[in-house]
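Trainee: Could you walk me through this one, a piece at a time?
Mentor: Gladly, let us look at it together.
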Amino acid sequence: MEQRRLGRTGHASTVLIYGAAALAQVDQDVADRSIQLALDAGINHFDVAASYGDAELRLGPWMPRIREQIFLATKTGERAAGDAWAQINRSLERLRTDHLDLIQLHAIGDLEDLDRATRSGGAVEAALRARDEGLTRFIGITGHGDGAPGTHLEALRRFPFDTVLTPLNYVLSLDPAYMADYEALAAEVRAQDAGLMIIKTVSRRNWPEGGEKSYTTWYEPFDDQERVTAATVWVLSHQEVTGIATAGDVHLLPLMIEAAGQVGAMPVPDAERVLAGAADYSSPFINIPF
C-alpha cells in the first residue's frame, strides 16, 4: 500500500489509516479479523479514541505483538487539563501500552470549543505534559462539521499541532466557502510541515430520518465498490493529504482496501463523474447527531 510522509513527524503512514471507531461495538473475534485484515493489507497507522466504545479494549490485546510495527494514535475529548490527563492515562491502560505516537484533541469543530481546549488549564496542557513525560511523541487535533477546516486553521495559528484530522469529500468540495477554508488550511499545513489526514471520505449523506441504519457509522456511507473507489481516489488525488481514516464499520474496510489499490488506476476525472452521478449525495453535516 502506498505510504506518504506524515508531515514533520517523519512517519511514512499508509494512505489508509485504520479507523478503529469500527471496533466500538464488536466482539473480540470480529475485531481480531478486522485488525488482521488491515495488517495483511499493509496498514501501519491505527487511529482510535477514548470515546469509541470498546475500541481501545479491542486493540489492546494486539499491542504486545504489533506496537513497534504501527503508528498508534488515540484521542481525548476532554477540554480541561486534569480531565484530559486522566483520560490519556486510561487510554494507555486500555491499549496496554506505555506510549502513544500521537494524542489528538478530539472533535474540535468550532472556535468556542477550540478556546476551551487551548486556554490556560485546557486539554492542550495535558497533551504537552504527556509529550514531556514520554507518553506520546506528537500532538494533533481533529474535528467534524462545516466549521472544522477554518477552526483547524486557527488552531495551527495558536499552537504547533503536529497533525490535523479534518473532513473532506467530493460533495463538500462543491461548497465554495468550505473549500476556501480547506485550501487555506492545506496551505498552512504545508507551511508548518504538519501532517494532514482526512475523515468522511466515503460519507454519502445523513441517515434518512426513520430509516434503517445498516452500518454503525453515524452517517450513511457509500457501500458499493465503484463509489467507494471513486471517493477514495478523489481524496487521495490531493497530494497534501497523508491518508484517510477508514470508515467506522468493519464491513466497509475490504471495500476501502480495494479502493486504495486503484489509486493511480482510476483517473480523477472518472472518479468525479462517478461521484457527480451519485444519487442523494450530500454533506453529512446537515444534521450531526451528537
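Mentor: We can start with the second largest pocket, which is lined by Asn206, Trp207, Pro208, Glu209, Gly210, Gly211, Lys213, Trp218, Asn287 and Pro289; please keep in mind that this is a predicted model.
Trainee: How much space lies in the second largest pocket, and how does its lining divide?
Mentor: About 170 Å³ of space lies in it, and the residues of its lining divide into four nonpolar, four polar and two charged.
Trainee: And what volume does the largest pocket have?
Mentor: The largest pocket has a volume of about 630 Å³, and 32 residues line it, with Ala21, Tyr52, Lys200, Trp218 and Gly248 lying nearest its centre. Its lining residues divide into 17 nonpolar, eleven polar and four charged.
Trainee: Switching topic, is threonine 136 buried or exposed?
Mentor: Threonine 136, whose place is in strand S7 (residues 136-142), counts as buried because its relative accessibility is 4%, and the cut-off for buried is under 20%.
Trainee: Which backbone nitrogens does its side chain reach?
Mentor: The side chain of threonine 136 reaches the backbone nitrogen of isoleucine 103 at 3.3 Å, and one of its polar atoms lies 3.5 Å from the backbone nitrogen of leucine 102.
Trainee: What about helix H10, how many of its residues are buried?
Mentor: Nine of the twelve residues of H10 are buried, so the helix is mostly covered. The buried residues of H10 pack against several elements, including strand S1 (3-5), helix H8 (170-173) and helix H12 (268-276).
Trainee: What span should H10 have?
Mentor: At 1.5 Å a residue, helix H10 (residues 225-236) should span 16 Å, and its end C-alpha atoms are 16 Å apart, which agrees.

Note on methods: Residues are numbered from 1 along each chain as its sequence is written. This is a predicted model: local features need pLDDT of at least 70, side-chain atom pairs count only at pLDDT 80 or more; totals for chains, interfaces and linings use all residues. Side-chain values use heavy atoms; hydrogens and water are left out. Helices (H or I, at least four residues) and strands (E, at least two) are DSSP runs, numbered from the N terminus. The expected span of a helix is 1.5 Å times one less than its number of residues. Buried means under 20% relative accessible area, exposed over 50%, partly exposed in between (1.4 Å probe, protein chains only). Contact means heavy atoms within 4.5 Å. A polar contact is a pair of N or O atoms within 3.5 Å; within protein, one must be able to donate a hydrogen and the other to accept it, and residues adjacent in sequence count only if both atoms are side-chain atoms. On a 1 Å grid over the protein atoms alone, a cavity is a set of points where a 1.4 Å probe fits but cannot get out, and a pocket is an open set with protein on both sides within 12 Å along at least five of seven lines; lining residues have an atom within 4 Å of a point. Grid points are joined across faces, edges and corners, and a volume is the space filled by probe spheres set on the points. Ala, Val, Leu, Ile, Met, Phe, Trp, Tyr, Cys and Pro count as nonpolar, Asp, Glu, Lys and Arg as charged, and the others, Gly among them, as polar.
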